[in-house]
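Please read the following briefing alongside the sequence and the model.

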Amino acid sequence: MHEHYGVVLAFGILGFILMYVAFILQKLIGPKNSSELKLDTYECGEPTEGSSWVQFNIRFYVIALIFIVFDVEVVFLFPWAVVFKDMGFVTFIEVFVFLAILVVGLAYVWAKGDLEWVKMKLKYGTGRYAATRLHESESP
Amino acid sequence: MDLTQLALSLKYFIPEMVLTGFIVVAILYDLFLKPETSHRVGFVAIAGLVVTLGMLYQQQGIPATGIFANMFALDGFATFFKWVVAIGAALAIWMSLDTKELENRRVGEYHILILILVLGMFLLVSATHIISIYLSLEMVSIMSYLLAGYLKENSRSNEASVKYVIYGAFSSGIMLYGLSLLYGLTGTGYISEIQAQLVLGQVSPVMLVLVTVLLLAGFGYKISAVPFHFWTPDVYEGAPTPITAFLSVAPKAAGFAVLIRFFNVALSQGDPNTPSWLALPGLDWPMIIAVLSAITMTVGNVLAIQQNNIKRLLAYSSIAHAGYMLMGVVVADQTGIAAILYYAGVYMLMNLGAFFVAIQIKNIYNTETIADYAGLGFKAPWIGIAMAVFLFALTGLPPTAGFVAKFYLFRALVQFGDGFLWLAMFGLLNGVVSLFYYMRILKAMYFDKMEIPEKLTAVPLHFNVLMFILVVPLLVGWMFGDPLSIWAAEAVQFFF
Amino acid sequence: MGEVIFWVIWALVAVSAMVVAFSKNLVYSVFSLLATFIGVAGIYIFLNADFLAVTQIVIYVGGILVLLVFGIMLTNRIVVAKITQSSLQRTTGLVVVGAIFLVLVLTLLNQTWPLATSAAEFDSTVNNIGELLFGDYLILFEVASVLLLGALIGAATLARKEL
């Protein structure tokens, strides 16, 4: 069966080669007058400031977590879509139960405000970050 | 699986479905609550557990049967553990509503996660297919990691959660490897069919030992048997104390359930329900478990001696108790398993009790150090007496049910024959060692000078009620014909 | 041809996994993990498990890896923190792991595997997986949804700033 995936592999290899072709081409035909300045990190024409290692907002993480859960859910739906015609309406109910349980999770994160990028008003901000509330509502 | 089978399976699945329903209701209810009132979810959770227990009671008398294409079993063995788990969860939630550790934070999710953990254990104790075993084991593990790290501003709690995750992921990976080997060897995932294949004797003994060891990594981690115990003290210390209490009781019992079911069904010579049951020829797993048991109880007891923190002490003592319970797995015939069931029930009461006393003392005096318990027996007489009963039971001294539970285990081991008399001797020696550190707490409570000058804050009434509920069965439960042991003996009935 | 590609993929997985384990920089480890995951997907294809291969790409490469990268990027005071890893007791570890490896290989080679003989004809496995998932394994499918629900709620709770 793996022969059928030769196409996928060929695509991958081709993509890889094309990327390096671009590199090699510019190496071959591009003019070579290097200077110290050219090695600088590019930041909109400005001199760079500080490290590029910055801390991301924690909200990225929550969103990514939610994404993974629904990613897994979608993967489960593919086999269902394939067999739905043969196996009939019962599988519809089965998938409905599956989705209903996960929708509860979606409702949960939605109602708790985990999907909001900027929390203008914290619904439950009494903990250790209560003091930062003002600050958080100003900056994205 | 056709529709009639599905309908029948659903009929036998009512407790789990009710529990799932309550999980959903609890989540939705939590959405409407403010942080100050979010503890109300705990009442929903307790109500859900009570209704589930009612539904479990309805299932009495159904003969052992497989449900959902034999993915899960409905048998006396599973039902017994479901009772232990659900009662333990209800008591833990009760105590969670009282502890100061969980004040000033949202606790709705906490109770929801406990309910999902209970559902996972319900499935784990009845799983009869390697995939259902693995899935429910993961469900139990993941919910435990989350609950252990619930105090997220507390670095101890974070440490507990992370350590738990790393050890858990590693051991469950090893177990998964063992399961995959087993599947490759037999071509089936049903543990009873695995047995049918293995008994043909085409698998080399070395391979069988290898698979057994790999599987023990997963199961041993759940019951915190040495050498898979390293996470236990840190997790138990860092997690919220009600969760520690719960983790030391319910997932451990569920871990024993799946261990016993797997070894007794898959690695045996035939039907585990017959008295002439024997382990699989060519694989002396009772000996492996016997060695594990001896090491586990010794390590747990010896390390417990040096502990000054009550939670760490109880953590090591719970390792030791896992060792005692493994003695029953060594015997693995009906008396041995009945003894484990009995022990699991009694252990649930006495260990929860000891932890609950620790929680209450933390609430009042804000200390977890044993030295600070000085004079407590006179300041808070009821708590003192209750703690004394729990410690006597944990040591295995009469007149408590703890003594009876240990007695059954040793009796099963001695009746089994001379082969494992050395293990019984080991167990007795360990009992003496454990006497030392349990009595150290009692000594602090009754014979040391009190050091905390301030007056006692009143112990809430409901805590006294809770203590009463736990103490009375431990003191008198084993009299009057010992109903628990009768139930345990009847519950040794596997779906095969 | 197929044989050659298989061994190339095998080498890719082995080498990139070693980079994951031994790289001094955590970020290199994570990006090397990408190659490992993709290579494993390739091995799944050679095992006639096409659905698993796609799942591997969708979930591990598309989801888990992103989460790991975030995990590093989110680390508090990442500018000051030393983003390296190192292993303790390498010699002891090597001896133990080597011994286990030896035992495993010897046992696995000396065993006859009943399933290994059946050379499967190529057929997309999605159909079979669907039939099993909604047939015998239905309950596990539904249980998985509760597990995902719990994981979602727990993860959102722990990742949230508020207590």
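Predicted model: local features only at pLDDT ≥ 70, side-chain atom pairs only at ≥ 80, totals over all residues.

Residues are numbered from 1 along each chain as its sequence is written, and chains are lettered from A and ligands numbered from 1 in the order in which they are written.

**Chain C**

- Chain C holds six helices and zero strands, where helices are DSSP runs of H or I with at least four residues, strands are runs of E with at least two, and both are numbered from the N terminus.
- Of its 163 residues, 25% count as buried, a term that requires 20 or more other C-beta atoms within 10 Å of the residue's own, with C-beta atoms placed from the backbone.
- Among contacts in chain C between residues at least 6 apart in sequence, 53% join residues at least 24 apart, a contact being a pair whose C-beta atoms, placed from the backbone, lie within 7 Å.

**Contact between chains C and A**

- The contact draws 45 residues from chain C and 48 residues from chain A.
- On the side of chain C that touches chain A, the elements giving two or more residues are α1 (2-22), α2 (26-46), α3 (50-73), α5 (126-133) and α6 (138-159) of chain C, and α6(C) gives the most, with 13 residues.
- That side of chain C divides into 30 nonpolar, nine polar and six charged residues, with Ala, Val, Leu, Ile, Met, Phe, Trp, Tyr, Cys and Pro counted as nonpolar, Asp, Glu, Lys and Arg as charged, and the others, Gly among them, as polar.

**Helix α3 of chain A**

- Helix α3(A), residues 89-111, has 23 residues and reaches 32 Å from its first C-alpha to its last, close to the 33 Å expected at 1.5 Å a residue, the expected span being 1.5 Å times one less than the number of residues.
- Its buried residues include Phe98(A), Ile101(A), Leu102(A) and Tyr108(A), and what covers the buried residues of α3(A) includes α2 (58-87) of chain A, α2 (14-30) of chain B and α6 of chain C.
- Just after α3(A), Gly113(A) takes a positive phi of about 80°.

**Ala86 of chain B**

- Ala86(B), found in helix α4 (residues 76-96) of chain B, is buried because 22 other C-beta atoms lie within 10 Å.
- Not counting residues up to four places away in sequence, Ala86(B) touches Leu49(B), Thr52(B), Leu53(B) and Val118(B).
- Ala86(B) and Ala250(B) are 164 residues apart in sequence but 8.3 Å apart in space, C-alpha to C-alpha.

Terms used. Contact = placed C-beta atoms within 7 Å. Buried ≥ 20, exposed ≤ 12 C-beta atoms within 10 Å, placed from the backbone.
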